[in-house]
Amino acid sequence: MLDAIIENYKNDIIEQTQKLIQIPSVHKDSPNPFQPFGKEANNALEYILSLGESLGFRTKNVDGYCGYIEFGEGDDLVGIIGHLDVVPEGENWTYPPFEGQLHNGNIYGRGAIDDKGPVVASLYAMKAVMENFQIHKRVRLILGLNEERDWKCINYYKEHEEIPTIGFSPDADFPCIYAEKGVLNSSISMPYNANASDNIYITNIDCNNNPLNVVPKICSACLKINSSKLIMENCISTIKSIIEKYDFEIDIYKINDEELKLTSHGVQAHGAHPDLGINSISRLIIILDEFLKNYNCSIPLFDFFTKHINLEYNGKSLNIDFKDESGPLTLNIGNMSLENNILKIGMNLRVPVHSKLEDIEALFAKHISCYDNLTYLTEKYMSPLYISKDNYLVSTLCKIYNETTNQNLEPIAIGGATYARAFPNFVSFGANLPGHKDMCHQTDEFISIDNLMLSCKIYTKAILELAK
Ligand SMILES: [Zn+2]
């Protein structure tokens, strides 16, 4: 019976996913206080709220920050949290990113899987329950507009609206995520006053504004050579031989008789998986450290780096290589800068759920204490999410997934931070299928119609179970 009900919605689910994709709801700064994330994000919200209303739900626009669609009666509130904003489309799409074209059973477009398709699947799952079953709680689909940036939408919601007692977020992976590592952004810095009497000094560093949670693809540094003491050609051949020894991909470019530029090339990857990339910054620091030491211009921060971080991405030489059921700690060097006479290296760490931030801070402090001028700073920390595997919510959702798909999978732990952290007693539940390539934020993002329909069926069962 459930299969037939959902199958009946198929054309609507496809069409509404396409319509939402056609609204390019990328963040824009906005002077309008009622459209804080820009006109298009607001259009996406208004579109789905009016769709919800036409389907017979109660709806509310929460001052342009977010909105919700609700049905049912009772004191208890079951929540589903998704988002309508999307990351910028990027380049090289096979099909236009904001049309929602259908090819080979897939809907293509920015937001198809992250998170517009899963939001539509959730909405029609609510409709299936509302029109065909008796439940004893209210069910609310909460729609954020700022998930891809600062979560201001959900912070606003929490200040002004009712917090659901239990729920899920269709913004990550099936079968169900029970553990998400802590996310730590931190930095190590030192004053760096380039001195004209130095043999060689750094004048500029450019990482192309790489975000901390991305393995940097490119990084360059400009060096000034004091020509009264050193011969440029000799310096270049020294660097060349160091680069050759390490076999790194680093270009040397002579700007003039006193200046040269080194550009290091790596491979981009998500910061939660630094092992999948090649870090251009780490490689450049290793070369610079050895080169500068050759000319008695050692930089303490670089010395620290080569001794305690180097090419590692697990924190081993810092003694922070913790590991538990959520996996190993990962460390990504995401940024390096030289601004206002401060030389700084920025890091993004994913901290296993049972590790403590204080322990990591203490170990950083211990290792930098051997140097006079280094400063460690925790800039931002997002605590881990952990709900034990046998908890009611995790086991129930996982069981629904397994029964519907005839599989026998365990809930998973990930290094990322999903929208489920918005509320206590929430976990991420789909809509990416296990074993399928994660198309979030990718060129040619798509969701298959089969995935969309399966998700709708699974979400219908989940709502029935959580709101019974
Ligand atoms: Zn998302």
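Which order do the strands of the open sheet of four strands have? I looked this up before anything else. The order is β19-β20-β10-β21, and the pairing is antiparallel. Two strands pair here if DSSP finds at least two bridges between them. Strands are DSSP runs of E with at least two residues, helices are runs of H or I with at least four, and both are numbered from the N terminus.

I noted the ground rules next. This is a predicted model: local features need pLDDT of at least 70, side-chain atom pairs count only at pLDDT 80 or more, and totals for chains, interfaces and linings use all residues. Residues are numbered from 1 along each chain as its sequence is written.

Axes are lines fitted to C-alpha atoms, for helices over the stretch in contact, and angles run from 0 to 180 degrees between N-to-C directions.

Helix α9 (residues 357-368) packs on the sheet and touches β10, β20 and β21. Its direction makes about 165 degrees with that of β21. Contact means that the C-beta atoms of two residues, placed from the backbone, lie within 7 Å.

I followed β20 in detail. Strand β10 (residues 182-191) and strand β20 (residues 342-351) pair in the antiparallel sense over ten bridges. Asn-185 stands opposite Asn-348 in β20, and Ile-188 stands opposite Ile-345. On the β19 side, nine bridges join β19 to β20, again antiparallel. There, Asn-348 is the bridge partner of Asn-332.

β19 and β20 form a hairpin with two residues between them. Asn-340 in that turn has a positive phi of about 50 degrees.

Is β20 largely enclosed or open? Eight of its ten residues are buried, so β20 is largely enclosed by the rest of the structure. A residue is buried if 20 or more other C-beta atoms lie within 10 Å of its own, exposed if 12 or fewer, and partly exposed in between.

**Entry: the three-strand sheet**

I found an open sheet of three strands, in the order β4-β5-β26, with antiparallel pairing. Its edge strands are β4 (102-103) and β26 (446-448), each pairing on one side only. Two bridges join β4 to strand β5 (residues 106-108). Leu-102 stands opposite Ile-107 in β5. Helix α11 (residues 449-466) packs on this sheet, touching β5 and β26. The direction of α11 makes about 65 degrees with that of β26.

**Entry: parallel pairs at β7**

Strand β7 (residues 166-169) runs parallel to strand β3 (residues 77-83), and three bridges join them. Val-78 has Ile-166 as its bridge partner in β7. Three bridges also join β7 to strand β24 (residues 426-428), in parallel. Gly-167 stands opposite Phe-426 in β24.

**Entry: cores**

I looked for nonpolar cores, meaning sets of buried Ala, Val, Leu, Ile, Met, Phe, Trp, Tyr and Cys residues joined through C-beta atoms within 7 Å. Which residues touch the most other members of the largest core? They are Cys-176, Leu-397, Val-427 and Ile-463, out of 78 residues. Helix α4 (residues 112-132) gives the largest share of this core, eleven residues. Leu-397 touches Phe-168, Cys-176, Val-427, Phe-429 and Ala-462, not counting residues up to four places away in sequence. A second, separate core has 49 residues, including Ile-205, Ile-239, Ile-250 and Ile-287.

**Entry: Lys-399**

I placed Lys-399 in helix α10 (residues 392-405). Lys-399 counts as partly exposed because it has 14 C-beta neighbours inside 10 Å. From Tyr-157 it is 242 residues apart in sequence and 30 Å apart in space, C-alpha to C-alpha.

**Entry: domains**

The domain assignment gives domain 1 (2-179 + 385-466) and domain 2 (182-382). Such bounds come from an automatic or database assignment. The C-alpha centres of the two domains lie 39 Å apart. The contact takes six residues from domain 1 and nine residues from domain 2. The domain 1 side divides into four nonpolar, two polar and no charged. In that tally, Ala, Val, Leu, Ile, Met, Phe, Trp, Tyr, Cys and Pro count as nonpolar, Asp, Glu, Lys and Arg as charged, and the others, Gly among them, as polar.
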